[in-house]
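Q: I have just opened this entry and would like to learn how to read it. Could you walk me through its features one by one?

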Amino acid sequence: MDIIQAVILGLIQGLTEFLPVSSSGHLVLGKLLFGVKVDNIIFEVFVHFATFLAVVAFFFREIVILIKAPLRYVFVNDRSRETVNFSKYVLFIAVGTIPAVIVGLYFKEDIEQAFSSARLVGMTLLVTTALLFLTALVKPKREGLRFLDGILIGLAQALAILPGISRSGATISTAMYLGVDKSTAFKFSFLLSLPAIFGAFILQLKDALEIGLPKDQIYIYLAGMLCAFISGYVCLVILRKIVIAGKFAWFGVYTLIIGVLTLVFAHG
């Protein structure tokens, strides 16, 4: 991999990690398109950590509040409505993370095999298309989350481990189907992503450390990481505006086109 390819793949990761078009699916297609053969997961470790940092930067204030709330509840005996509500929010994130953990731990090998199939990516992109188009038919009615919301949105996130199924597309859509307001759906989707992204990063990091980082290529990986961080942060800004404006379903046009083209031209 040269620096140009790293920059392109870093941009693809950042642009597609948060937009509801499936970053994993686009990385598969990008590698096939450019003929990039990555024999280890070091590059994925760098760009996934970059997108994790982008979410942390974007939601930094909310994350600080969510960290403080359960600590105040337990150690300061703070039972104010605000502290209780934020503590429940943390609980919902924890519950919603469990399905992705189970799928990631017990179906890792099957998932890794799926990441080499362009035809599978084409079919799952069409599933993402359906999820996005259907959001145009729902009208979210309530603010806040319930315990069951956390479980169901978490199951949607677990499904999105498959390449081609957009994580943000699946989780935001599911929240909207459940009647959650658009702003809360957007925020919970990405706060829920943090444990999953960080957990995947830790698992990948373990394998990457066993392989070792080629010192002569570190600047290449850092270039891809920087591009993923910047493009990812910008995408979060844009996506929040689109979701709140009620235009989330429009992304389905793009995934429909890419999914169909992938199926037409896929060879494996």
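A: Gladly! Let us begin with a term we will need: a residue is called buried when its relative accessible area is under 20%, exposed when that is over 50%, and partly exposed in between. Please keep in mind that this is a predicted model.

Q: Is Thr129 buried or exposed?
A: Thr129 has a relative accessible area of 4%, so it falls under the 20% cut-off and is buried. Thr129 sits in helix 7, which covers residues 118-134. Beyond its sequence neighbours within four places, Thr129 is in contact with Gly252, Thr255 and Leu256.

Q: How does Phe133 of helix 7 count in terms of accessibility?
A: Phe133 lies in helix 7. Apart from residues within four places in sequence, Phe133 is in contact with Ala249, Gly252, Val253 and Leu256. Phe133 and Trp250 are 117 residues apart in sequence, while their C-alpha atoms are 7.4 Å apart in space.

Q: Which residues touch the most other members of the largest nonpolar core?
A: Think of a nonpolar core as a group of buried nonpolar residues joined through their side chains. The largest one here has 34 residues, and Phe186 and Phe190 touch the most other members. Helices 3, 4, 5, 9, 10 and 11 each give two or more residues to this core. Helix 10 gives the most, with eight residues. Leaving out residues up to four places away in sequence, Phe186 touches Phe58, Phe59, Ile172, Leu236, Leu239, Arg240 and Val243. There is also a second, separate core of 15 residues, including Phe43, Phe46, Ala50 and Ile220.

Q: Where does helix 10 bend?
A: Look at Leu194: helix 10 bends there by about 30°, and a proline, Pro195, follows within four residues. Helix 10 runs over residues 182-211, and its 30 residues reach 43 Å from the first C-alpha to the last, close to the 44 Å expected. At the N-terminal end, Asp181 caps helix 10, with a side-chain oxygen 3.3 Å from the backbone nitrogen of Ser183.

Q: What is particular about the phi of Asn77?
A: Most residues other than glycine have a negative phi. Asn77 has a positive phi of about 60° although it is not a glycine. You will find Asn77 in the loop between helix 4 and helix 5. With 54% relative accessibility, Asn77 is over the 50% cut-off and so counts as exposed.

Q: Which backbone oxygen does the side chain of Thr171 reach?
A: The side chain of Thr171 reaches the backbone oxygen of Arg167, at 2.8 Å. Thr171 is found in helix 9 and is buried, with a relative accessible area of 1%.

Q: Where does Thr135 lie?
A: Thr135 lies in the loop between helix 7 and helix 8. At 4% relative accessibility, Thr135 counts as buried. Residues up to four places away in sequence aside, Thr135 touches Ser173, Met176, Tyr177, Phe248 and Ala249. The C-alpha atoms of Thr135 and Ile172 are separated by 9.1 Å, and these two residues are 37 residues apart along the chain.

Note on methods. Residues are numbered from 1 along each chain as its sequence is written. This is a predicted model: local features need pLDDT of at least 70, side-chain atom pairs count only at pLDDT 80 or more; totals for chains, interfaces and linings use all residues. Side-chain values use heavy atoms; hydrogens and water are left out. The expected span of a helix is 1.5 Å times one less than its number of residues. The bend at a residue is the angle between axes fitted to the seven residues ending there and the seven starting there. A polar contact is a pair of N or O atoms within 3.5 Å; within protein, one must be able to donate a hydrogen and the other to accept it, and residues adjacent in sequence count only if both atoms are side-chain atoms. Buried means under 20% relative accessible area, exposed over 50%, partly exposed in between (1.4 Å probe, protein chains only). Contact means heavy atoms within 4.5 Å. A nonpolar core is a set of buried Ala, Val, Leu, Ile, Met, Phe, Trp, Tyr and Cys residues joined through side-chain atoms within 4.5 Å.
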